[in-house]
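Welcome! Take a moment to turn the model around on your screen, and then let us walk through it together.

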Amino acid sequence: MKVSINWKAGLLFEGLAGNYTLTISAPQPSLDKKAVSPHELLLFSLASSCGVEIVSKIEKTKSLNHFEVVATATHDPKNHELFSTIDLHFNFEGDCNKTEILNAVEFSQYQSRSIGYLLSKILPIRWKISI
């Protein structure tokens, strides 16, 4: 796996991963927001990693109509550049088996290859489920 970023101007970068591009920018109070920030990318990575793992576990049952992961981070009051906690809210719609969903969510959080597992080593990640 390989990604790279190329500086465009100011604090604006273009990320490259294979044939895919992504625009990244640090927050700049004096300018309009032009792209996602590195902190938002971290939350996107966490949410999508969990989402892929969960859907791969329960998709076989064909009972899922809608699924959403909302990731919210709280900044450390002493250092605004750091997160102090991350909250994940897993929203499911459909004729879903609660035990199957709980098992899939727990698997997405505690398996050693997940981004959630890696991040949980440095800060608390709390989660809840809505069906």
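In β5, H66 has E93 as its bridge partner. That bridge belongs to a set of twelve that join β4 to strand β5 (residues 79–94), and these two strands run antiparallel. Helices (H or I, at least four residues) and strands (E, at least two) are DSSP runs, numbered from the N terminus. Two strands count as paired if DSSP finds at least two bridges between them.

Before going further, a word about the source. This is a predicted model, in which local features need pLDDT of at least 70, side-chain atom pairs count only at pLDDT 80 or more, and totals for chains, interfaces and linings use all residues. Residues are numbered from 1 along each chain as its sequence is written, and side-chain values use heavy atoms, with hydrogens and water left out.

**The sheet and its helices**

Three strands make up an open sheet with mixed pairing, in the order β4-β5-β6. Because β4 (64–76) and β6 (125–130) each have a single partner strand, they stand at the edges, and one side of each is left without a neighbour in the sheet. From one strand to the next, the twist averages 20°. Helix α1 (residues 38–58) packs on this sheet and touches β4, β5 and β6, with its direction at about 30° to that of β5. Helix α2 (residues 98–110) also packs on the sheet, touching β5 and β6, and its direction makes about 160° with that of β6. Contact here means heavy atoms within 4.5 Å; axes are lines fitted to C-alpha atoms, for helices over the stretch in contact, and angles run from 0 to 180 degrees between N-to-C directions.

**Salt bridges**

How many salt bridges does a search of the whole structure find? There are two, where a salt bridge is a side-chain nitrogen of Lys or Arg within 4 Å of a carboxyl oxygen of Asp or Glu.

| Pair | N to O distance |
|---|---|
| E14 and K8 | 3.9 Å |
| D87 and R126 | 2.6 Å |

D87 is partly exposed, with a relative accessible area of 24%, and R126 is partly exposed at 44%. Buried means under 20% relative accessible area, exposed over 50%, and partly exposed in between (1.4 Å probe, protein chains only).
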